[in-house]
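Work through the exercises below with the model open beside you. Try each task before you read its solution.

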Amino acid sequence: MLTILRLSHRRVRDARLTTHVCLTARALGADEVILSGERDENVLESVSDVAKRWGGKFKIRYEEKSRKIIEKFKGIKIHLTMYGMPVQDKISEIKEKSKGKDVLIIVGGEKVPGEVYQLADYNIAVTGQPHSEVAALAVFLHEFFEGKELTKKFGGAKLTVISQERGKKVI
Ligand code: SAM
């Protein structure tokens, strides 16, 4: 089970970015996203709706208190932050340690509480440059799954894209 914890969601300012975190997580092999911060029915509904139409078993749920989730989580906890250790130096160790265990990947928002750095097993940087939780998550998942996520199948889909050189085909 691979879970993404999205910290400190703000309904008005983060709706689009948080939705993109969730859709990226789903598309690139995560099993679920836990949303913390402000409860946002729009994000919960729109992501669940995409998951229903495009298949697979991806789930999204809300938990108010992120600290509790991190503390209670039994498995490997990875916090993505520009201040952490380079992903390219740590990914082999993380994959080894994660074998047969659940994995929690924590991505921040505007401000990340200091305690998250202590509670995580790994603080991991996707470059030491500031960018985005969506980009950091995508690169981390690609490294973690070694590219296998690109061919993941989404069972029970109502919609599927048929790849085309040009144009769009959806069945
Ligand atoms: N300075 C903020 C902080 O407290 O970490 C950065 C906020 S950034 C806008 C939002 C999130 O994007 C971060 O919490 C982190 O999860 C992710 N992020 C941004 N740049 C990153 C990087 N270079 N490596 C890993 N994660 C990054």
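## Exercise 1: Salt bridges

Task: How many salt bridges are there by the distance rule, and how exposed are the partners in three of them?

Solution. 

Step 1. Take the count. The model is a predicted one. The rule asks for a side-chain nitrogen of Lys or Arg within 4 Å of a carboxyl oxygen of Asp or Glu. By this rule the total is 15 salt bridges.

Step 2. Start with Arg10. Its salt-bridge partner is Asp14, and the closest N and O atoms are 2.8 Å apart. Arg10 has a relative accessible area of 22%, so it is partly exposed. Asp14 is at 5% and counts as buried. The cut-off for buried is under 20%.

Step 3. Move to Glu32 and Arg61. Their side chains form a salt bridge with an N to O distance of 3.2 Å. This pair links distant parts of the chain. Glu32 sits in strand 2 (residues 32-37) and Arg61 in strand 3 (residues 59-62), 29 residues apart. Glu32 is buried, at 8% relative accessible area. Arg61 is partly exposed, at 35%.

Step 4. Now take Arg53. It forms a salt bridge with Asp49, with 3.3 Å between the closest N and O atoms. Both residues belong to helix 2. They are four residues apart, about one turn of the helix. Arg53 is partly exposed at 34% relative accessibility. Asp49 is partly exposed too, at 35%.

Step 5. Look for shared partners. Salt bridges that share partners join Arg10, Asp14 and Glu110 into one network.

## Exercise 2: Helix 1 against helix 2

Task: Are helix 1 and helix 2 roughly parallel or roughly antiparallel, and which residues meet?

Solution. 

Step 1. Read the geometry. Helix 1 covers residues 11-27 and helix 2 covers residues 41-54. They pack at an angle of about 30 degrees. Their axes are 10 Å apart.

Step 2. Apply the cut-off. Angles under 35 degrees count as roughly parallel. Helix 1 and helix 2 are therefore roughly parallel to each other.

Step 3. Helix 1 passes helix 2 in a right-handed crossing.

Step 4. List the contact. Helix 1 supplies Ala15, Thr18, Thr19, Cys22, Leu23 and Arg26. Helix 2 supplies Val43, Ser46, Val47, Val50, Ala51 and Trp54. By class, the contact residues are eight nonpolar, three polar and one charged.

## Exercise 3: Helix 4 against helix 6

Task: How are helix 4 and helix 6 oriented to each other, and which residues meet?

Solution. 

Step 1. Read the geometry. Helix 4 (residues 87-98) packs on helix 6 (residues 133-145) at an angle of about 55 degrees. The axes lie 9 Å apart.

Step 2. List the contact. From helix 4 come Val87, Ile91, Ile94, Lys95 and Ser98. From helix 6 come Phe140, Glu143 and Phe144. The classes are five nonpolar, one polar and two charged.

Step 3. Check another residue of helix 6. Val139 is found in this helix. Val139 is partly exposed, with a relative accessible area of 36%. Val139 and Ala120 are 19 residues apart along the chain, and their C-alpha atoms are separated by 19 Å.

## Exercise 4: The setting of His79

Task: Is His79 buried or exposed, and which residues does it touch?

Solution. 

Step 1. His79 lies in strand 4 (residues 76-86).

Step 2. Check accessibility. His79 has a relative accessible area of 0%, so it is buried.

Step 3. Find the neighbours. Leave out residues up to four places away in sequence. His79 then touches Ile106, Val112, Val116, Tyr117, Ala120, Tyr122, Asn123 and Ile124.

## Exercise 5: Positive phi

Task: Where do Ser8 and Thr127 lie?

Solution. 

Step 1. Take Ser8. Its phi is positive, about 50 degrees, although it is not a glycine. Ser8 belongs to strand 1 (residues 2-9). It is partly exposed, at 29% relative accessibility.

Step 2. Take Thr127. Its phi is positive, about 70 degrees, and again the residue is not a glycine. Thr127 lies in the loop between strand 6 (122-125) and helix 6. Its relative accessible area of 46% makes Thr127 partly exposed.

Terms used:
Residues are numbered from 1 along each chain as its sequence is written. This is a predicted model: local features need pLDDT of at least 70, side-chain atom pairs count only at pLDDT 80 or more; totals for chains, interfaces and linings use all residues. Side-chain values use heavy atoms; hydrogens and water are left out. Axes are lines fitted to C-alpha atoms, for helices over the stretch in contact, and angles run from 0 to 180 degrees between N-to-C directions. Helices (H or I, at least four residues) and strands (E, at least two) are DSSP runs, numbered from the N terminus. Angles under 35 degrees count as roughly parallel, over 145 as roughly antiparallel, 65 to 115 as roughly perpendicular and the rest as oblique. A crossing is left-handed if the near helix is turned anticlockwise from the far one by less than a right angle, and right-handed if clockwise. Contact means heavy atoms within 4.5 Å. Ala, Val, Leu, Ile, Met, Phe, Trp, Tyr, Cys and Pro count as nonpolar, Asp, Glu, Lys and Arg as charged, and the others, Gly among them, as polar. Buried means under 20% relative accessible area, exposed over 50%, partly exposed in between (1.4 Å probe, protein chains only).
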